[in-house]
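Here's a quick briefing to read with the model open beside you. Have a look at the sequence and structure first, then we'll go through some packing and contacts.

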Amino acid sequence: MAYTKILHVGIDLGTSRSVIAADNGVRTFVSSYVGFPKDAVSMRMFGKREVVFGDEAIRNRLALDLYRPFDKGKLKYSESLEKNPKEYEKAKSIAKDLLEHLVGLVTEEEPEDVIIRGVIGAPAMASIKNKKTLLTIADGVLNDSMIVSEPFAVAYGLNLFSSALIIDIGAGTVDLCRMAGTVPTEEDQITTLKAGDHIDQVFLDLIRKKHKDANFTVAMVKRFKEENAFVSVQGESVFIELPVRGKPVNHDVTEELREACRSIVPEVIEGIRKLVASFDPEFQRGLKRNVILAGGGSQIIGLQKEIENYMKKALGYGKVTKVEEPLYAGANGALKLAKDMPDEYWDQVTSRGK
Amino acid sequence: MEKSMNSKQNESDTFHEAVKGANATLDYIGLVSWSIISRGSTAIIDGVQKITETVTRNVCKPFEDITHVTRATFGKKAYVDEKIKGIEETIKRLEERLAFLEKHGVRIPEKDYQEKKKELDKERKDLLSLIVEENKRLRNVLNR
């Protein structure tokens, strides 16, 4: 046996951020952006690197061909690969670069022959096609890999195997999953596409409508939203500084931001209602008592209360709790799963030597 | 004769007794007077001292305060500023370190994470086997 050392990793390949946690204690995240220098001059700027990742790529986007390989929780073009085979292959190759970079960040000080076993979180309702694509990408980077539903990974990390409803609010999707003591099936999960990116788009449209002279990009609006997102009625006014004919001007966007953030709530509530209503009546109360918010979207101020209020109206009762580390909840759970998985189980799905 | 001599002797004794009494009375009066004077003066001195101390303290206080403020403004302030700056820099360093640890975690010594896997209960093993089965099915589709 040439291999001796094993490193387990939990990975959350997100539309906006990709997160990794390893059992050597290292964990980190990168924005899911990959950039390629446009020409020889820009390549010189990046120290002759052929590819740039994360925030560095976003900051230097003018000198790069910038890509975001995931959209709505899926690899771009994975659902239409027959129509766009070239684009699909490119997206796959970019996603692989991103995964390689991410894994490289936690294996920097590890020996070259280390076995890397990874569990990757996929959107709750990812299609077989999409899961297959994820496995193909992982096969070249990880020695052994498995795919699990992202909200299930969150639940596993929190040891919540029954009577819990996980809501993972990401940039591309909101994944809802009820835990009933076993691996969730299709009936236990709902994915909605109105998530963080949808909030950005609504917010952008509303600002554009109100402040016609202001000049801004989605990236600026997204950054602002991530720092100030809220849905509650009370609170201070929020102002965004946007250039008007080159001069920075403060704009009051309190109502616009609130409206944009609230735009995802009805679908989340409808998802909760469906999952609760179709659950065994004897256990519905337990489910309503244990709604867990995870993902970047769980940081929206007042969202927890807003969902509780809606649940009270629609379902008579609801108790919502936020996870402690929303960004890492998925990756931590996936890592826990990878570590718990017995070796003989890993051997059944190994990709080594293939 | 003897009677006359006895009588003179008696008179002389009476005179001496009277002088002694007068002396004692004077001594007593003198002591009483001294006591009154000394006690009175002590009381006066104490009172005066108390009054003087209070007045002096109250008169001096504003000047003391001015001195303190002046010292704090022109002397101690620089020292305090330097200390605050030092503390701020330490807090900034700690915050940066904390942010780094929150983002990147704490590297665990190899021997700690390479330890043998813990034994799982049957329920957990069953749950994990379901995940493996699902992944095997996926891989079969992939390899087809």
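Which residues does A:I292 touch, not counting residues up to four places away in sequence? They are A:L158, A:L160, A:A164, A:L165, A:I166, A:I167, A:T321 and A:V323, where touching, or contact, means C-beta atoms, placed from the backbone, within 7 Å.

Keep in mind that this is a predicted model: local features need pLDDT of at least 70, side-chain atom pairs count only at pLDDT 80 or more, and totals for chains, interfaces and linings use all residues. Residues are numbered from 1 along each chain as its sequence is written, while chains are lettered from A and ligands numbered from 1 in the order in which they are written.

**Domains and core**
- Chain A splits into domain 1 (6-155 + 328-348) and domain 2 (196-262), with bounds from an automatic or database domain assignment.
- The centres of these two domains of chain A, taken over C-alpha atoms, are 30 Å apart.
- The largest nonpolar core has 105 residues, and A:I292 is among those touching the most other members, along with A:V9, A:L165, A:I166, A:I167 and A:A334.
- Such a core is a set of buried Ala, Val, Leu, Ile, Met, Phe, Trp, Tyr and Cys residues joined through C-beta atoms within 7 Å.
- Helix α3 (residues 85-106) of chain A gives the most to this core, seven residues.
- Domain 1 and domain 2 of chain A each put at least three residues into this core.

**Helix α9 of chain A**
- Helix α9 (residues 265-277) of chain A has 13 residues and reaches 18 Å from first C-alpha to last, close to the 18 Å expected at 1.5 Å a residue.
- Its buried residues are A:V268, A:G271, A:I272, A:L275 and A:V276; buried means 20 or more other C-beta atoms within 10 Å of a residue's own, and exposed means 12 or fewer.
- Seen down the axis of α9(A), these buried residues fall within an arc of 125°, so they line one face of the helix.
- On the other side of α9(A), A:P266 and A:A277 are exposed.
- Packing partners for the buried residues of α9(A) include β11 (162-169), β16 (291-294) and α11 (303-315) of chain A.

**Helix α8 of chain A**
- In helix α8 (residues 254-262) of chain A, the buried residues are A:E256, A:L257, A:R258, A:A260 and A:C261.
- They pack against α6 (196-210) and α7 (218-228) of chain A.

Conventions:
Helix = DSSP H or I, 4+ residues; strand = E, 2+ residues; numbered from the N terminus. Expected span 1.5 Å × (residues − 1). Arc of directions from axis to C-beta. Contact = placed C-beta atoms within 7 Å.
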